[in-house]
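Me: I would like to learn how to read strands, helices and charged pairs in a protein model. Could you take me through them slowly?

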Amino acid sequence: SKNFSEQLLEAAPDGILGTDKDGKIIFFNRQAENLFGYAKQEIIGEDVSKLMPSRFEDVHKKHIRNYFDSPKATMLSGTTRELLGRRKNGEEFPINISLNYFQSASGFIAIAGLWDITEKIKAEEALRESEKFNKGVLSSLTSHVAVLDADGKLIAANDAWKHVEVESTCLFGPCSKGAEVL
């Protein structure tokens, strides 16, 4: 029933919103309220572009028209993309959005699943910085330093190894493809 479906969408752990062919928000669940800071009563009937940085508004309106002209043919259906969202307070934040559609009595409805990926992006950046730091430290050492996997295969070595000639057999057992000099 409709009531059960609405309860299900409200209880979903992800932000979910629905828009009509004009980009007007017709559904906004509790998690979407938490993500964007708008109460449902404030956002229903508003243009979905209110939830994104204004610099993308014109392009987004074009995408909406194209999407509703042929939702089955649109590359966005059923895919997940990284975009920027805009909270009620104006703060921009990275989101994953998964877009799909369904046919209702009044026409096509676009439905979007939304996730705040701020922490994921911070973790990825911290990992990149850590890898950069580790490579910098290892490459600055004058001693020979090598990194082996659990099977004893060479997966990386510092610059000191560049000057060592090794025959076709590796120093530390079988060589692995893709071993790199840090």
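Reply: We will go through the sheet, then a helix, then the salt bridges. This is a predicted model, in which local features need pLDDT of at least 70 and side-chain atom pairs count only at pLDDT 80 or more, while totals for chains, interfaces and linings use all residues. Residues are numbered from 1 along each chain as its sequence is written, and side-chain values use heavy atoms, with hydrogens and water left out.

Me: In what order do the five strands of the open sheet lie?

Reply: In general, strands of a sheet pair through backbone hydrogen bonds, either parallel or antiparallel. Strands (E, at least two residues) and helices (H or I, at least four) are DSSP runs numbered from the N terminus, and two strands pair if DSSP finds at least two bridges between them. Here the order is β2-β1-β5-β4-β3, with antiparallel pairing. The edge strands, each pairing on one side only, are β2 (25-28) and β3 (79-86).

Me: How many bridges join β3 to β4?

Reply: Eight bridges join β3 to β4 (residues 92-104), and the two strands run antiparallel; to find one of these places, look at Arg81, whose bridge partner in β4 is Ile97.

Me: Which strands does helix α5 lie across?

Reply: For such a question one uses contact, meaning heavy atoms within 4.5 Å, and axes, which are lines fitted to C-alpha atoms (for helices over the stretch in contact), with angles from 0 to 180 degrees between N-to-C directions. Helix α5 (residues 118-140) lies across β3, β4 and β5 (107-116), and runs at about 130° to β4.

Me: How many salt bridges are there?

Reply: A salt bridge is a side-chain nitrogen of Lys or Arg within 4 Å of a carboxyl oxygen of Asp or Glu, and by this rule the count comes to 13. One of them joins Arg30 and Glu10, at 3.5 Å from N to O. This pair links distant parts of the chain, with Arg30 in helix α2 (residues 30-36) and Glu10 in helix α1 (residues 2-11), 20 residues apart. Glu10 and Arg30 are also linked with Lys40 in a network of salt bridges.

Me: Is Glu10 buried or exposed?

Reply: Buried means under 20% relative accessible area, exposed means over 50%, and partly exposed lies in between (1.4 Å probe, protein chains only). Glu10 has 16% relative accessibility, so Glu10 counts as buried, whereas Arg30 is partly exposed at 45%.

Me: Where do Arg128 and Glu125 lie?

Reply: Both lie in helix α5, three residues apart, about one turn of the helix, and they form a salt bridge whose closest N and O atoms are 2.8 Å apart.
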